[in-house]
Amino acid sequence: MQIPSLILTANPHFIDLAWAELARVQPAAQRVAVLAEGVWAVTAVNFFTLAEQWRQQPPIFAHHICPVHLALPVTGLVADVSLLAEAVGADLAAWLDAEMPFSVQTRILADLPYKPFDVNTAVAHTIQQHTPAPLDVRQPAQILSLVVTAEAAYAGISLAAHNLSDWAGGMHRFARQSGQISRAEFKLLEALAVFHLELPAGGVALDLGAAPGGWTRILRQKGQFVTAVDPAALHPSLYQDKNMRHLRLSAEAYLQQPPDRFDLIVNDMRLDARYSAELMAAYAPYLHRHGRALMTLKLPEGDGLVGGRQTIIEQAREILNPVYTIAGARQLFHNRSEITLYLTPE
Ligand SMILES: C[S@@+](CC[C@H](N)C(=O)[O-])C[C@H]1O[C@@H](n2cnc3c(N)ncnc32)[C@H](O)[C@@H]1O
């Protein structure tokens, strides 16, 4: 196989849209191989140029990119670990900036007798024999990315800020907490991290489509007073909390009351994206000037009879644009068939 210039990763259901985003800014790009579902090897693109384009205008669907500076065959045996450590660690160490913290991020896309941790540790150990750059797996400024398939390993070095995510392949992981109510909690945590959204202590938040209550639980954990709106019941553990009130109403019905004013409005309602955007626009007057909003836009898994997913997103944007600035739009790792928007009042 031709040596790729970079590896692109997205949710497998949305890789075609990630590719369209890439082709829009880099029309000469070519896919040379599918390394796994949602992981494409790409050539005829300069990684640095693309990374700068996307740093200035982030894509929605591409989760992660990493460059390829070296491609090596692997045997599929445990001995690969030390071979990779020697070849990759020794060859690429000189590319690292000695002043900046680095980490090694390995993804293994085949059934192999070693784990990413084994490769990360071995490669980082070799690198440290060749450069004084400090190892910092939590906040690296530069990353040596390794993608290993049954046949080959691809390695490259880039600034963390150029990879679209600080996590290997964009797989933003959170530890499961005791008391967790829903998997949806992860997508709120990820949205807060990706959009750098700090919640002020004692903020007043509205959670539209709150049941069973995962987002409400996270917002309470972060010191927000929460109004949870949903016709469905919340998890029993939430009702003991005096700083949470549940209005067993639809979002439409709460609009008639009229609602209070909020520092934060979040909306994870299972509704058509455009209708949900219309409701969100109707709530804009109830968001303080300094307020912030997050919403998920539910999308079909493929482009079918209901219309293209890009069209649905564009239509939702048009509905929101008069009252909100769309400060961020991402298909997060924890989003299923949806994207998350970060909104600020117009
Ligand atoms: C995906 S769940 C929300 C999960 C929640 N974020 C969590 O973390 O547990 C979607 C919710 O939207 C609610 N929903 C759908 N249409 C609604 C509407 N018009 N008004 C209020 N809630 C609605 C449903 O009852 C359902 O509980």
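Biologist: Which residue stands opposite L264 in β12?
Modeller: That's A205. Keep in mind that this is a predicted model, where local features need pLDDT of at least 70, side-chain atom pairs count only at pLDDT 80 or more, and totals for chains, interfaces and linings use all residues. Residues are numbered from 1 along each chain as its sequence is written.

Biologist: How do you know that β9 and β12 pair?
Modeller: Two strands pair if DSSP finds at least two bridges between them. Strand β9 (residues 204–208) and strand β12 (residues 262–267) have 4 bridges and run parallel, so they count as paired. A strand here is a DSSP run of E, at least two residues, and a helix is a run of H or I, at least four, both numbered from the N terminus.

Biologist: What makes β11 and β14 edge strands?
Modeller: The open sheet has 7 strands in the order β11-β10-β9-β12-β13-β15-β14, with mixed pairing. β11 (244–247) and β14 (324–330) each have a single partner strand, so one side of each has no neighbour in the sheet. From one strand to the next, the twist averages 15°.

Biologist: Which strands does helix α8 touch?
Modeller: Helix α8 (residues 273–283) packs on that sheet, touching β12 and β13 (287–298), and its direction makes about 170° with that of β13. Touching means contact: C-beta atoms, placed from the backbone, within 7 Å.

Biologist: Why is α5 called oblique to α6?
Modeller: Helix α5 (residues 184–194) and helix α6 (residues 214–221) pack at about 45°, with axes 8 Å apart. That angle makes α5 oblique to α6, because under 35 degrees is roughly parallel, over 145 roughly antiparallel, 65 to 115 roughly perpendicular and the rest oblique. In α5, A184, E185, L188 and L189 meet G214, W215, R217 and I218 of α6. By class, this contact has 5 nonpolar, 1 polar and 2 charged residues.

Biologist: What makes β2 and β3 a pair?
Modeller: Strand β2 (residues 30–36) and strand β3 (residues 39–43) are joined by 5 bridges and run antiparallel, and at least two bridges are needed, so they pair. R31 has V42 as its bridge partner in β3. The two strands form a hairpin with 2 residues between them, and G38 in the turn has a positive phi of about 80°.

Biologist: How many residues of domain 1 are in contact with domain 2?
Modeller: 8 residues of domain 1 are in contact with 9 residues of domain 2. The domain assignment gives domain 1 as 6–170 and domain 2 as 184–345. Their C-alpha centres lie 33 Å apart.

Technical notes: Domain bounds come from an automatic or database domain assignment. Two residues are in contact if their C-beta atoms, placed from the backbone, lie within 7 Å. Axes are lines fitted to C-alpha atoms, for helices over the stretch in contact, and angles run from 0 to 180 degrees between N-to-C directions. Ala, Val, Leu, Ile, Met, Phe, Trp, Tyr, Cys and Pro count as nonpolar, Asp, Glu, Lys and Arg as charged, and the others, Gly among them, as polar.
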